[in-house]
Amino acid sequence: MKFKSLLLGALLVSGTSFAQSLTLDKEVTKQLNTVKPEAIKAHIKYLADDKLQGRLPGTPGYQMAVDYVVRQFKNLGIQPGGENGTYLQTVRLRKAFTGKDATLAFTTNQGTKTLISGVDFTIYPNPQNPTVTLDAPLAFAGYGITAPEVGYDDYANLDVKGKVVVILRGAPKNFHSTIAAASVNFSTILQNAVNHGAVGVIIGNNNPKARVPDLSRGANSVMGADGKVAASGSFFADQVKMLSYVNAATFQTLLQGAGLDTAQVVAKIQKGTPNSAVLPAKVQARFTSTYQDFASYNVAGKITGSDPTLREEYVVHSAHLDHMGVSTPVKGDSIYNGAHDNASGVASVLEIAKVYSQLKQKPKRSLLFVLVTGEEMGLLGSQYFAKYPTVPKQKIVADINTDMPTIIAPLLSAVALGAEHSSLKEPVAKAAGYLGIAMEADPEPDQNRFVRSDQFSFVAQGIPALHIKYGNKTKDGQNNLNKQVEVWRAAFYHKPQDELNDSFDFEAGKRYVQLNFLISYQVAQAAERPTWNPNDFFGVRYKK
């Protein structure tokens with residue numbers, strides 16, 4: 001089995017080993033070749049225009065983007081895939097703010113110390129409970145990770161029921177990059193705390209120069225029709241009443257109370273040795289939260305499959321429609337147009353939908369094209385859709401996400417983030433081989449890209465997913481495209497300068513469309529739905 005895994009990994013990296021194993025009928029080849037760089041540019045030109053004001057959810061500009069996608073679906077003859085026979089799914093967004101009266105104190109056998117808000121600590125607002133009071137004992141739980149799949153558990157032999165856990169945010173150095181990224185995700189940390197009976201989470205810091213986060217802009221969640229939190233990046237359940245940060249001095253003081261040395265603790269857990277302990281202290285906290293509520297929308301279109309049975313299953317193409325609106329001026333410009341991030345991804349999905357719409361013989365499975373809101377607010381739209389999809393959740397077999405493909409150079413190689421965890425690696429390799437695109441390992445594992453975009457929302461619901469990004473291969477043979485991307489990122493990423501300009505390579509955009517189409521087409525045609533690899537971390541962790 002180990003040899004087989006290594007072989008498949010080698011085939012994935014080679015990118016051309018499956019070139020002869022993917023054959024397409026003439027109709028599919030014909031439609032694949034109709035993808036035009038000019039069409040991709042036209043979508044981006046509209047979506048990144050100043051008149052859309054940066055596509056911030058809840059604004060007229062975002063609504064213009066929604067209307068544009070709906071028009072495109074209608075023009076292509078794509079069926080509504082949203083709620084109640086429409087193309088839309090309502091997403092009720094809530095921005096919550098912590099009141100200035102927030103207090104946090106620690107009591108030890110030496111007395112009670114009250115901390116200074118904004119200096120010693122900061123508390124996330126509670127999106128569901130306007131007033132929170134907490135008085136509970138403390139325990140240090142390392143990174144707050146339980147991962148039996150890789151033999152690590154910070155909660156082993158530690159009773160935290162009714163306690164607030166103090167953790168460092170991070171993961172052991174020997175964790176695979178995608179597993180480490182998932183482990184430090186707030187939702188994962190909070191869920192694990194709930195599973196062990198904790199009533200709060202305090203995140204410490206071992207960097208004395210670091211400040212506690214500024215949460216004055218609030219924290220975002222999706223509310224259900226019942227008034228309960230339906231999706232959030234900083235709230236998991238009523239049981240965890242508080243999520244907060246404390247500075248390095250406070251963190252060190254808490255550990256010292258249990259006879260722990262911060263440097264030694266960090267060294268141990270970085271090496272994969274848990275060093276958890278009960279802390280001889282209690283925390284007292286009180287804070288209030290205020291709310292701003294508004295509606296936004298996910299947009300979904302559907303193409304029904306041709307097989308009488310398999311048409312009940314769906315392959316999802318997703319991309320986020322939102323960006324950051326109007327914000328802090330940079331070089332005199334305050335409109336964050338989001339041309340690369342993610343008008344280019346939306347354009348890609350629209351062109352993939354167009355290819356499918358033109359096929360006379362539809363694939364066996366159905367296709368769902370989902371443009372989500374609130375990605376820049378914490379993957380909120382995709383979290384909500386993946387948790388409460390407009391089709392039966394168990395019928396979604398895979399998600400192929402496109403987020404800022406960074407089409408700034410020829411697409412000679414690519415990275416399929418997440419494909420190594422499931423059988424999706426095989427259609428990826430075949431599609432890449434067909435197009436002559438080499439497949440590579442992630443050149444930037446420290447970027448945690450697998451959990452930073454919407455595909456992870458589907459993974460968290462047990463659905464195999466992937467996200468195609470650029471590889472490092474370049475025409476000049478230097479094979480260092482990531483260096484070019486670093487320069488681009490510094491100048492354009494999350495800045496008003498991310499607009500339609502000469503940084504684009506629309507031919508590369510065409511190749512992204514073709515690659516993603518070929519991946520989903522194989523999945524839609526296959527007799528069996530994609531599966532997680534045996535004993536895979538994500539397959540075990542998020543098993544449906």
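In this predicted model, helix α3, which spans residues 37–47, meets helix α14, which spans residues 506–525, in such a way that their axes come within 8 Å and cross at roughly 100°. Angles from 65 to 115 degrees count as roughly perpendicular, and α3 and α14 are therefore roughly perpendicular to each other. On the side of α3, the contact is made by P37, I40, K41 and I44, while α14 contributes F506, E507, G509, K510 and V513. Sorted by class, the residues of this contact between α3 and α14 comprise five that are nonpolar, one that is polar and three that are charged.

Helix α3 also packs against helix α4, made of residues 60–76, and here the angle is about 150° with the axes 10 Å apart. Because an angle over 145 degrees counts as roughly antiparallel, α3 is described as roughly antiparallel to α4. The residues that make this contact are A42, H43, Y46 and L47 of α3, together with M64, A65, Y68, R71 and Q72 of α4. In the contact of α3 with α4 there are six nonpolar residues, two polar ones and one charged one.

Helix α13 runs over residues 481–492, and its 12 residues reach 16 Å from the first C-alpha to the last, which is close to the 16 Å expected at 1.5 Å a residue. Within α13, the residues L481, N482, V485, W488, R489 and F492 are buried. After α13 comes H494, whose phi is positive, near 55°.

Finally, consider a residue in a loop: E420 sits between β20 (413–417) and α11 (425–435). Apart from its neighbours within four places in sequence, E420 is in contact with H176, T178 and N533. By contrast, the C-alpha atoms of E420 and N298, which are 122 residues apart along the chain, are separated by 28 Å.

Definitions and conventions
Residues are numbered from 1 along each chain as its sequence is written. This is a predicted model: local features need pLDDT of at least 70, side-chain atom pairs count only at pLDDT 80 or more; totals for chains, interfaces and linings use all residues. Side-chain values use heavy atoms; hydrogens and water are left out. Axes are lines fitted to C-alpha atoms, for helices over the stretch in contact, and angles run from 0 to 180 degrees between N-to-C directions. Helices (H or I, at least four residues) and strands (E, at least two) are DSSP runs, numbered from the N terminus. Angles under 35 degrees count as roughly parallel, over 145 as roughly antiparallel, 65 to 115 as roughly perpendicular and the rest as oblique. Contact means heavy atoms within 4.5 Å. Ala, Val, Leu, Ile, Met, Phe, Trp, Tyr, Cys and Pro count as nonpolar, Asp, Glu, Lys and Arg as charged, and the others, Gly among them, as polar. The expected span of a helix is 1.5 Å times one less than its number of residues. Buried means under 20% relative accessible area, exposed over 50%, partly exposed in between (1.4 Å probe, protein chains only).
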